Amino acid sequence: MDNELMEQLRKNVSEGPTPYVNMAGLQAEVVEPRHVRLRLPVEPTHKNHVGIAYAGSEFVLAEIAGGTLFMATYGTDTFVPVLKSVDIKFVKPGTTDLVADVALTEQEAAEKIAPAQERGRGDYLLDVAVTDESGEAVALFAFNYFALPAQR
């Protein structure tokens, strides 16, 4: 992957095509091939009625990390990820800044995209953990993206 794409993906985390995501204030700490680390400052905007991280904010962090990882791994010329389903397990309240740090080995990346390459489209499964600043899991997300052919 080229540096220009990585910089564009980094920028898209907080200044991308989805205004709602831009309002979240996500911070891209790492965007490189097969590795993405995003941070969500848990400020008043992201706290719920009992003062802990809002579940929707945790979802945005995890989903954007997963989608960004897909594009940082495979580029944007062949496939585009669209979320098909997600299973979420909230493990503990988030009270500090939250982090989604997700990475794939070359082999994992090849195995995950193989079904879509064989059919020209297909499911792409990815687990994303959201952790607090101490590294403890706050929420676990099992995403099923659908890899669609990129529009040219």
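Reader: How do the residues of the lining of the largest pocket divide into nonpolar, polar and charged?

Author: The lining divides into 8 nonpolar, 6 polar and 1 charged, where Ala, Val, Leu, Ile, Met, Phe, Trp, Tyr, Cys and Pro count as nonpolar, Asp, Glu, Lys and Arg as charged, and the others, Gly among them, as polar. This is a predicted model, in which local features need pLDDT of at least 70 and side-chain atom pairs count only at pLDDT 80 or more, while totals for chains, interfaces and linings use all residues. Residues are numbered from 1 along each chain as its sequence is written, and side-chain values use heavy atoms, with hydrogens and water left out.

Reader: Which element gives the most to the lining of the largest pocket?

Author: That is H3, with 5 residues; helices and strands here are DSSP runs numbered from the N terminus, a helix (H or I) having at least four residues and a strand (E) at least two. Among the residues that lie nearest the centre of the pocket are Glu63, Ile64 and Met71.

Reader: Why is the pair of Phe59 and Phe141 called tilted?

Author: Rings of Phe, Tyr and Trp (its six-membered ring) pair if their centres lie within 6.5 Å, and planes under 30 degrees apart count as stacked, over 60 as edge-to-face and the rest as tilted. The centres of these two rings are 6.4 Å apart and their planes stand at 55 degrees, so the pair is tilted. It joins distant parts of the chain, since Phe59 lies in helix H3 (residues 55–74) and Phe141 in strand E6 (residues 137–149), 82 residues apart.

Reader: What makes Phe141 count as buried, and what makes Phe59 count as partly exposed?

Author: Buried means under 20% relative accessible area, exposed over 50%, and partly exposed in between (1.4 Å probe, protein chains only). Phe141, at 1%, is therefore buried, whereas Phe59, at 26%, is partly exposed.

Reader: Why does Thr131 count as buried?

Author: Its relative accessibility is 17%, so Thr131 counts as buried. Thr131 belongs to strand E5, and, leaving aside neighbours within four places in sequence, Thr131 is in contact (heavy atoms within 4.5 Å) with residues including Asp97, Leu98 and Val138.

Reader: Which residues touch the most other members of the largest nonpolar core?

Author: Of its 40 residues, these are Leu26, Leu61, Leu98, Tyr124, Leu126 and Val128; such a core is a set of buried Ala, Val, Leu, Ile, Met, Phe, Trp, Tyr and Cys residues joined through side-chain atoms within 4.5 Å. H3 gives the most to this core, with 9 residues.

Key
1 Å grid on protein atoms, 1.4 Å probe; cavity = no way out; pocket = protein on both sides within 12 Å on 5 of 7 lines; lining within 4 Å.
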